[in-house]
Amino acid sequence: MFTGTGIVVFVVFAVVGFLIGYVIAKMTAKNAVSSAKKEADKILEEAKKEIELKKSQMELELERERSRQRAEFERMTQSKRNELSRLEKRLEEQRESLEHRADLIRKQEKELSQLERKLQSQQQELMAKQQQLDELVRQENEKLERIAGMTQEEAKQILMENMISQARAEAAQKIRQIREEAEAEAEKEAREVIISAIQRCAAETTVESTVSVVPLPSDEIKGRIIGREGRNIRAFETATGVDVIVDDTPEAVILSGYDPIRREIARIAMEKLIMDGRIHPARIEEVVAKAEKEMENIFKEAGEQVCFELGMHNIHPELVKLLGRLKFRTSYGQNVLQHSKEVAYLAGYIAAELGLNSKIAKRCGLLHDIGKAVDRGQEGTHTQLGYEIAKKYGEDEIVLNAILAHHEDVEPTTPYTVIVQAADAISGARPGARRETLENYIRRLQRLEELAENFPGVQKTYAIQAGREVRVIVEPDKVSDTDVDILAAEIAQKIQEEMEYPGQIKVVVIRERRAVDYAR
């Protein structure tokens, strides 16, 4: 039990401890506040120093920028001053030049004025002299009229008639000379152009064929091709329209037909049947149908190939297919697709030599025989059919006229048509391009000689150089030297009107007088 005194002592000690703790806490807080204040003052001082440092740096940067801008301004100002100085100097030079020119003009005006006054004076003198001369001429004319017994108008008329007659003779001679020179020059240039085009186009000679040979793995399959009592071979011939020849030729059968397309379809079908081994009428019809579809792809590939070779990529797909069909068409033994490609190349070369568009010329040459690709069921010439097809698929009028007029069925309207005519003649007339039967060849030579013999004064005719030249010997008593040129032109015109021939035919008229005597 605490006593009262103990309680008092405890209270006293408690109060004293409280006071001591309060004093200690207050001192600690005061020390902390003092330390914090010192720290704050230190931070403020450092911040002030940093601000001063940054301020100094900014002022330094600002001063540098001002110096740089001042230097740039001075540089630009100096450049402008220099430019202005140059302009002022140039203006001063121009002003001096203008003043100099003005002085020259004033001087020239003064000289012209003096010259004009002088010319006026001379003109007056000339007019006076002209009047004197006219009077003398009048007097002389009166004397001549009295002597000649005719008026001045009559003499003038006679003189004019004589001069006109002389001028006409000289003009005719000059025209003849100019025509001869122009024809010689034109012939020379045309020869150079055509020779250049021919030399740049190397083409193969024609090989005409009406049969295709299909190889066989062995002769045993020939019996299966023929079939029981020949039913397979009859079914094949009926489906293809081609004759099948099975003879003693070892390991081969022959397909014969004049239609190259049908013959190619038959060849493809026969090869497929041989590879498959199943040969009977139903299978034959199925394979032939597939071969016909395959031929359409062959047409397309062949047409695309020739378009690619010629650099033509904007031809209608249907025209491309028709071009491919020309691969299996021939004209006088010449493959029509190769002929069309050759004409395209030649037309392009000639157009380039003449300064025309070679691409248009190639297009005209490639499509000029497109009508020959049409089936035989349609009526009309190949030029008319080709014109209608090309017009249907949107070809240009230049190409249409080249197709329609390349055989002179209509008049050519563009130089490209004339170029295609020349290229077509070159392609068809070159050696080895076409074949013709012996009968047609002899008939053409005979017809050529007969046409020339029908003219009066012709003694004998000879067709030479495979019908490309005809030599005409005339009777010197009936045909004069001046008539020889006329006769050659008339014979050439007659040949053009009544004969069809590739290329051109040279007409040579020979007139000679022979003196014959005998020494006895």
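Predicted model: local features only at pLDDT ≥ 70, side-chain atom pairs only at ≥ 80, totals over all residues.
1. Two strands count as paired if DSSP finds at least two bridges between them.

2. Valine 458 faces valine 474 of E7.

3. Look next at glutamate 395. This residue sits in the loop between helix H10 (382-392) and helix H11 (397-405). Is glutamate 395 buried or exposed? Its relative accessibility is 10%, so glutamate 395 counts as buried; the cut-off for buried is under 20%. The side chain of glutamate 395 makes a polar contact of 2.8 Å with the side chain of arginine 363. Beyond its neighbours within four places in sequence, glutamate 395 touches Leu319, Arg363, Leu367, Ala390 and Leu400.

4. Aromatic pairs come next. A pair of aromatic rings is described by the distance of the centres and the angle of the planes. How many aromatic pairs does the structure hold? There are 2. In one, the rings of phenylalanine 299 and phenylalanine 328 have centres 5.9 Å apart and planes at 65 degrees, so the pair is edge-to-face. This pair links distant parts of the chain, 29 residues apart. Phenylalanine 299 belongs to helix H6 (residues 281-310), while phenylalanine 328 lies in the loop between helix H7 (317-325) and strand E4 (330-331). Both phenylalanine 299 and phenylalanine 328 are buried.

5. Tyrosine 345 and tyrosine 349 form a stacked aromatic pair, with 6.1 Å centre to centre and 20 degrees between the planes. Both tyrosine 345 and tyrosine 349 lie in helix H8 (residues 336-353). They are 4 residues apart, about one turn of the helix. Why does tyrosine 349 count as buried? Because its relative accessible area is 15%, and buried means under 20%.

6. Now the whole chain. The secondary structure comes to 14 helices and 8 strands. Of the 520 residues, 28% count as buried. Among contacts with a separation of 6 or more, 60% join residues 24 or more positions apart. The chain exposes about 36,700 Å², and carbon and sulfur atoms supply 54% of that area.

Technical notes
Residues numbered from 1 in each chain as written. Heavy atoms only, no water. Helix = DSSP H or I, 4+ residues; strand = E, 2+ residues; numbered from the N terminus. Buried < 20%, exposed > 50% of the residue type's maximum accessible area, 1.4 Å probe, protein only. Polar contact = N/O pair within 3.5 Å; in protein donor to acceptor, adjacent residues only side chain to side chain. Contact = heavy atoms within 4.5 Å. Areas by Shrake-Rupley, 256 points an atom, 1.4 Å probe, with all protein chains shown as cover. Phe/Tyr/Trp six-rings, centres within 6.5 Å; stacked < 30°, edge-to-face > 60°.
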